[in-house]
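Let us read a model together, one feature at a time, with the general idea placed before the particular case.

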Amino acid sequence: MYGTYFFAPNQGKFMLSNGEAPECGQCIEVSHGTVKPFKVQYIAPCFNCQDSLFRLSSDAMKKLSGTNDVLSSISDVKVKLVDCDGFTGNKTSTPKKN
């Protein structure tokens, strides 16, 4: 399970402004308007994202835009490659052993 904050980039189209393309497992920071920047993790390419550069998980989309409709489109999203250090968006709880 990958948790709640992840993205799937459009294979071959998604590149950062500096020409870098993230690799699976790396994190990017996204922000839009007044939303504070937050991290999402690349989990797999999106092969049917012809209309967009990447798709966000429903939780990440809700945080970014107020809607959890993953097929909706947002313009002017700021994106940058960041370390995943301190990233907690995809941690899952581990059951305690008795």
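A: Before any residue is discussed, we need a scale for burial: buried means under 20% relative accessible area, exposed over 50%, and partly exposed in between, with a 1.4 Å probe and protein chains only. This is a predicted model, in which local features need pLDDT of at least 70 and side-chain atom pairs count only at pLDDT 80 or more, while totals for chains, interfaces and linings use all residues. Residues are numbered from 1 along each chain as its sequence is written, and side-chain values use heavy atoms, with hydrogens and water left out.

Q: Which elements does the chain contain, and in what order do they run?
A: Helices (H or I, at least four residues) and strands (E, at least two) are DSSP runs, numbered from the N terminus. Here the chain has 1 helix and 5 strands, and from the N terminus the order is β-β-β-β-α-β. Of the 98 residues in the chain, 31% are buried.

Q: How many bridges join E2 to E3?
A: Two strands pair if DSSP finds at least two bridges between them. Strands E2 and E3 run antiparallel and are joined by 5 bridges, with Glu29 having Lys39 in E3 as its bridge partner. The two strands form a hairpin with 2 residues between them, and Gly33 in the turn has a positive phi of about 60 degrees. E2 is also joined to E5 by 5 bridges, again in an antiparallel arrangement, and Cys27 stands opposite Val82 in E5.

Q: Is Ala60 buried or exposed?
A: Ala60, which lies in helix H1, has a relative accessible area of 0% and is therefore buried. Contact means heavy atoms within 4.5 Å, and, leaving aside residues up to four places away in sequence, Ala60 touches Thr4, Tyr5, Phe6, Phe38 and Val40. Ala60 and Phe7 are 53 residues apart in sequence, yet their C-alpha atoms are 8.2 Å apart in space.

Q: Which residues of H1 are buried, and where do they pack?
A: The buried residues of H1 are Ala60, Met61 and Leu64. Because they cover an arc of only 100 degrees around the axis (taken from the directions from the helix axis to the C-beta atoms), they are on the same side of H1. These buried residues pack against strand E1 (6–9), E2, E3 and E4.

Q: Which residues have the most contacts inside the largest nonpolar core?
A: A nonpolar core is a set of buried Ala, Val, Leu, Ile, Met, Phe, Trp, Tyr and Cys residues joined through side-chain atoms within 4.5 Å. The largest one has 13 residues, and those with the most contacts inside it are Phe7, Phe14, Ile28, Val30, Phe38, Val40 and Leu56. Two or more residues each come from strand E2 (27–32), strand E3 (35–42), strand E4 (54–56) and helix H1 (58–65). Among the residues that Val40 touches, not counting those up to four places away in sequence, are Phe7, Ile28, Leu56, Ala60 and Phe87.
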